[in-house]
Amino acid sequence: MIIDGRKIAGEYLDLLKSRITEPLSLGAVTIGDNPAVDSFIKVKEIVAKKLGIEFKKLSLSSDEPIEIMSEKIKEFAERVDGLFIELPISPDLPLQDILN
(Lines give C-alpha, C1' and ligand atoms only; values in the text may rest on other atoms or scores of the structure.)
Protein backbone atom coordinates (compact mmCIF):
# COMPACT_ATOMS: atom_id res chain seq x y z
CA MET A 1 0.00 0.00 0.00
CA ILE A 2 1.31 3.43 -0.96
CA ILE A 3 0.33 6.34 1.26
CA ASP A 4 0.04 9.75 -0.39
CA GLY A 5 1.22 12.04 2.41
CA ARG A 6 0.69 15.23 0.40
CA LYS A 7 -2.91 14.26 -0.32
CA ILE A 8 -3.59 13.45 3.34
CA ALA A 9 -1.95 16.71 4.45
CA GLY A 10 -4.03 18.66 1.94
CA GLU A 11 -7.23 17.06 3.18
CA TYR A 12 -6.29 17.79 6.77
CA LEU A 13 -5.49 21.44 5.92
CA ASP A 14 -8.86 21.76 4.16
CA LEU A 15 -10.59 20.40 7.27
CA LEU A 16 -8.73 22.82 9.54
CA LYS A 17 -9.43 25.75 7.23
CA SER A 18 -13.15 24.97 7.28
CA ARG A 19 -13.14 25.19 11.09
CA ILE A 20 -11.60 28.68 11.22
CA THR A 21 -14.54 31.05 11.58
CA GLU A 22 -12.80 34.33 12.33
CA PRO A 23 -9.59 36.07 11.28
CA LEU A 24 -6.62 34.78 13.24
CA SER A 25 -2.97 35.72 13.54
CA LEU A 26 0.02 33.67 14.58
CA GLY A 27 3.27 35.14 15.85
CA ALA A 28 6.68 33.52 15.64
CA VAL A 29 9.62 34.67 17.73
CA THR A 30 13.16 33.82 16.70
CA ILE A 31 16.23 34.60 18.77
CA GLY A 32 19.64 34.72 17.15
CA ASP A 33 20.72 33.79 13.67
CA ASN A 34 20.12 30.14 12.80
CA PRO A 35 19.43 29.09 9.19
CA ALA A 36 17.71 25.89 10.33
CA VAL A 37 15.29 27.90 12.48
CA ASP A 38 14.59 30.19 9.53
CA SER A 39 13.74 27.15 7.44
CA PHE A 40 11.28 25.83 10.06
CA ILE A 41 9.66 29.26 10.36
CA LYS A 42 9.20 29.47 6.59
CA VAL A 43 7.32 26.14 6.56
CA LYS A 44 5.05 27.30 9.39
CA GLU A 45 4.40 30.57 7.57
CA ILE A 46 3.39 28.70 4.40
CA VAL A 47 0.96 26.48 6.32
CA ALA A 48 -0.52 29.46 8.17
CA LYS A 49 -1.14 31.25 4.87
CA LYS A 50 -2.79 28.13 3.41
CA LEU A 51 -5.14 28.21 6.40
CA GLY A 52 -5.85 31.91 5.98
CA ILE A 53 -4.02 32.80 9.18
CA GLU A 54 -2.00 36.01 9.23
CA PHE A 55 1.62 35.21 10.10
CA LYS A 56 3.89 37.69 11.88
CA LYS A 57 7.52 37.26 12.87
CA LEU A 58 9.60 38.92 15.55
CA SER A 59 13.36 38.43 15.18
CA LEU A 60 15.49 39.21 18.20
CA SER A 61 19.23 39.39 18.55
CA SER A 62 20.72 36.94 21.03
CA ASP A 63 22.89 39.84 22.22
CA GLU A 64 19.92 41.77 23.62
CA PRO A 65 19.45 41.84 27.40
CA ILE A 66 16.84 39.34 28.61
CA GLU A 67 14.70 42.13 30.06
CA ILE A 68 14.49 43.84 26.65
CA MET A 69 13.71 40.53 24.91
CA SER A 70 10.96 39.75 27.39
CA GLU A 71 9.39 43.18 26.96
CA LYS A 72 9.47 42.93 23.17
CA ILE A 73 7.92 39.46 23.30
CA LYS A 74 5.14 40.68 25.62
CA GLU A 75 4.37 43.60 23.32
CA PHE A 76 4.38 41.30 20.29
CA ALA A 77 2.07 38.84 22.06
CA GLU A 78 -0.54 41.57 22.43
CA ARG A 79 -0.71 41.94 18.63
CA VAL A 80 -1.33 38.28 17.75
CA ASP A 81 -3.85 35.59 18.67
CA GLY A 82 -1.25 32.87 19.18
CA LEU A 83 2.48 32.93 19.72
CA PHE A 84 5.38 30.52 19.73
CA ILE A 85 9.09 30.87 20.35
CA GLU A 86 11.02 28.77 17.86
CA LEU A 87 13.63 26.57 19.46
CA PRO A 88 16.50 25.99 19.70
CA ILE A 89 17.93 29.20 21.02
CA SER A 90 21.47 29.82 22.20
CA PRO A 91 22.31 27.62 25.21
CA ASP A 92 23.78 30.75 26.83
CA LEU A 93 20.29 32.25 27.16
CA PRO A 94 17.96 31.45 30.09
CA LEU A 95 15.21 29.59 28.26
CA GLN A 96 12.73 29.58 31.17
CA ASP A 97 13.01 33.37 31.60
CA ILE A 98 12.28 33.86 27.90
CA LEU A 99 9.35 31.43 27.84
CA ASN A 100 7.73 33.06 30.86
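This report describes the overall form of a predicted protein model and then several of its residues.

## Overall fold

The protein chain contains 4 helices and 3 strands. Read from the N terminus, these elements follow the order α-β-α-β-α-β-α. The radius of gyration of the protein chain is 16 Å, while the globule rule gives 13 Å for 100 residues, so the chain is more spread out than a compact globule. Along the principal axes, the C-alpha atoms of the protein chain fill a box of roughly 50 × 35 × 20 Å.

Contacts across the sequence can also be counted. Among contacts in the protein chain with a separation of 6 or more, 73% are between residues 24 or more positions apart.

## Surface and charge

Of the 100 residues in the protein chain, 29% count as buried. The accessible surface of the protein chain is about 7,100 Å². Carbon and sulfur atoms account for 55% of that surface.

The side chains of the protein chain include 13 that are positive and 18 that are negative. The centres of these two sets of side chains lie 9 Å apart.

## The start of the chain

I3 belongs to the segment before α1, the helix that covers residues 5–19. I3 counts as exposed because its relative accessibility is 61%, and the cut-off for exposed is over 50%. I3 and L93 are 90 residues apart along the chain, and their C-alpha atoms are separated by 42 Å.

## Strand β1 and residue S25

S25 is in strand β1, which is made up of residues 25–31. The relative accessible area of S25 is 9%, so S25 is buried, given that buried means under 20%.

Apart from neighbours within four places in sequence, S25 is in contact with I53, E54, R79, V80, D81 and G82.

## The end of helix α2

K50 is part of helix α2, which consists of residues 35–50. K50 and K17 are 33 residues apart in sequence, but the distance between their C-alpha atoms is 8.0 Å. When residues up to four places away in sequence are not counted, K50 touches L13 and K17.

L51 counts as buried because its relative accessibility is 11%. In sequence L51 and K17 are 34 residues apart, yet their C-alpha atoms are 5.0 Å apart in space. With neighbours within four places in sequence left aside, the contacts of L51 are L13, L16, K17 and I20.

E86 carries a negative side chain, and its relative accessibility of 7% is why E86 counts as buried. The side chain of E86 makes a polar contact with the side chain of K44, at 2.6 Å. Leaving aside neighbours within four places in sequence, E86 is in contact with V29, T30, V37, F40, I41 and K44. Among these partners, V29 and T30 lie within the range of strand β1, while V37, F40, I41 and K44 lie within the range of helix α2.

P88 is also found in the loop between β3 and α4. The peptide bond from L87 to P88 is cis, and its omega is near 10°.

How values were computed: Residues numbered from 1 in each chain as written. Predicted model: local features only at pLDDT ≥ 70, side-chain atom pairs only at ≥ 80, totals over all residues. Heavy atoms only, no water. Helix = DSSP H or I, 4+ residues; strand = E, 2+ residues; numbered from the N terminus. Rg over C-alpha atoms; globule rule 2.2 N^0.38 Å. Buried < 20%, exposed > 50% of the residue type's maximum accessible area, 1.4 Å probe, protein only. Contact = heavy atoms within 4.5 Å. Areas by Shrake-Rupley, 256 points an atom, 1.4 Å probe, with all protein chains shown as cover. Charge placed at Lys NZ, Arg CZ, Asp CG, Glu CD. Polar contact = N/O pair within 3.5 Å; in protein donor to acceptor, adjacent residues only side chain to side chain.
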